[in-house]
Amino acid sequence: MNSFVSAGTRRSVVVRLGLIAATLALGILAFGTTKAFAATFNPLYIISDENWRAGYSMSQAEIQAFLETQNGVLKSYSCAEGGPNGLHSQVIKPASQIIAEAAGYWNVNPKLIIATLQKEQSLITQPFHTASASDPYGTDYHLTNAMGCGVYEGSPDRHPGFGDQVWTGAQTLGCTTGSYKWQPGQQKLVWSYPDGAYILITPVNQPTWNFYTYTPYYPQQSVWNQYMLFFGDPLASPALKPVYRFYNKTNGSHFYTGSELERYTVMNTMSATYTFEGPAYSVNASNTANSVPLYRFYNVKNGSHFYTASAQERDTVIANWSSTYRFEGPAYNVSMTSTGGSPVYRFYNKKNGSHFYTVSLQEANNTILNYSATYNFEGIAYYIGL
């Protein structure tokens, strides 16, 4: 089967980083791992105000799906909830729900809470274990002191237990009063591990000030490292929504999703079929040009996915190819205009019936010149407004 409608009528958007890495059997293209959010650590500007205050950047379902991709105890851990301002609840809730509710209440990014849980007690990646020579404390200790908030001996404000730790830690990370009150240009005296002495620093923004008040050690790279590892650049605009790419090992096609929940679910339950290749591109949710749904179909015969931003093409596929393509609805929004946008080129694989998409003109030209026996060039599929 070839293209559904003429190439000139199609508009779509996929931004893929990197070039063709190799040509595999059947002429399938394999792509190298991509990194959409290359970043450099700045100890005075660790996270943007926008990301700091993105209290609803992950739903409970997304947090749970993320936890299930990791080896840590939190993916199956439940406890009493905790609550605002030291209030307690006897309601037992899963860790993902406690994180989501505390993040929303205090308007602190749940990704930041997750990064802090890993920085303080390795709870995201460490499975349950009892005390041993390598870890004289064990998981129970780590859960009791999960956020490292008021846990040090002699602290007048103890908050033992996972629920209280998450709620109090989120409150503290989001605080703007008392010792956490900050103003531009304000200096702070902290202990510097590189220097082995106290130094004066000038944090750029409130959340960076909060990090050094929460844990007064320079340079605070640990929390940045964990955030980067799990979620990408903490300075990237939250309006830039990453679209993730998977490589289908059974048929050589690629699968794209803009859903965090779907990303983690596929990683957790379908790793035998799909290799996660990281963020492939980003869609600027604040750009009004990105208002056109990108529709997704699943090819029931070969297991690949097909994407189109053309309502006409969508309807044609539904009307004439329903025995092959199962309609899965809108995936995310893209642009139909070339003004200020990046074109995405689409190719049809004549050997396995899949499509591949690239924003790289060099890659498109290379495919046309060297792989025309396998790929039909179908023109510009859609655009992404930057």
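**Entry 1: a cavity lining**

I looked up which residue classes line the second largest cavity: eight are nonpolar, none polar and none charged. Here Ala, Val, Leu, Ile, Met, Phe, Trp, Tyr, Cys and Pro count as nonpolar, Asp, Glu, Lys and Arg as charged, and the others, Gly among them, as polar. I noted the names too: Ile46, Ile47, Leu112, Phe211, Val223, Trp224, Tyr227 and Pro234. Helix H8 (residues 221-231) gives the most to this lining, with three residues. The volume of the second largest cavity is about 30 Å³. My search of the whole structure found two cavities of 30 Å³ or more.

I wrote down the terms. A cavity is a set of points on a 1 Å grid over the protein atoms alone where a 1.4 Å probe fits but cannot get out, and lining residues have an atom within 4 Å of a point. Volume is the space filled by probe spheres set on the points, which are joined across faces, edges and corners. Helices (H or I, at least four residues) and strands (E, at least two) are DSSP runs, numbered from the N terminus.

The model is predicted: local features need pLDDT of at least 70, side-chain atom pairs count only at pLDDT 80 or more, and totals for chains, interfaces and linings use all residues. Residues are numbered from 1 along each chain as its sequence is written, and side-chain values use heavy atoms, with hydrogens and water left out.

**Entry 2: surface and interior**

Next I checked a nonpolar surface patch of about 360 Å², made by Leu189, Tyr198 and Leu200. Patch residues have over 30% relative accessible area and no salt bridge; nonpolar side chains (Val, Leu, Ile, Met, Phe, Trp, Tyr) are joined within 5 Å, like charges within 9 Å. Areas come from the Shrake-Rupley method with a 1.4 Å probe, and for residues only the protein chains shown count as cover.

Leu189 sits in strand S5 (residues 188-192). Is Leu189 buried or exposed? Leu189 is exposed, at 54% relative accessible area. Buried means under 20%, exposed over 50%, partly exposed in between (1.4 Å probe, protein chains only).

Leu74 is buried, at 1%. I found Leu74 in the loop between helix H2 (60-67) and strand S3 (78-80). Leu74 and Pro94 are 20 residues apart in sequence and 8.1 Å apart in space, C-alpha to C-alpha.

**Entry 3: backbone**

Most residues other than glycine have a negative phi, and most peptide bonds are trans. I looked for exceptions. The bond from Tyr218 to Pro219 is cis, with omega near 20 degrees. Pro219 is in the loop between strand S7 (217-218) and H8. Gln220 is in the loop between S7 and H8. Gln220 has a positive phi of about 65 degrees and is buried, at 7%. Ser122 has a positive phi of about 55 degrees. Ser122 is partly exposed, at 27%.

**Entry 4: salt bridges**

I counted 10 salt bridges. Each is a side-chain nitrogen of Lys or Arg within 4 Å of a carboxyl oxygen of Asp or Glu.

Arg296 and Glu328 meet at 2.7 Å, N to O. Arg296 lies in strand S11 (residues 292-299) and Glu328 in strand S13 (residues 325-334), so the pair ties together parts 32 residues apart in sequence. Arg296 is buried, at 10%, and Glu328 is partly exposed, at 30%.

Arg346 and Glu378 also form a salt bridge (2.7 Å, N to O). Both Arg346 and Glu378 are buried. Last, I traced a network: salt bridges with shared partners join Glu262, Arg296, Arg326 and Glu328.

Definitions and conventions:
On a 1 Å grid over the protein atoms alone, a cavity is a set of points where a 1.4 Å probe fits but cannot get out, and a pocket is an open set with protein on both sides within 12 Å along at least five of seven lines; lining residues have an atom within 4 Å of a point.
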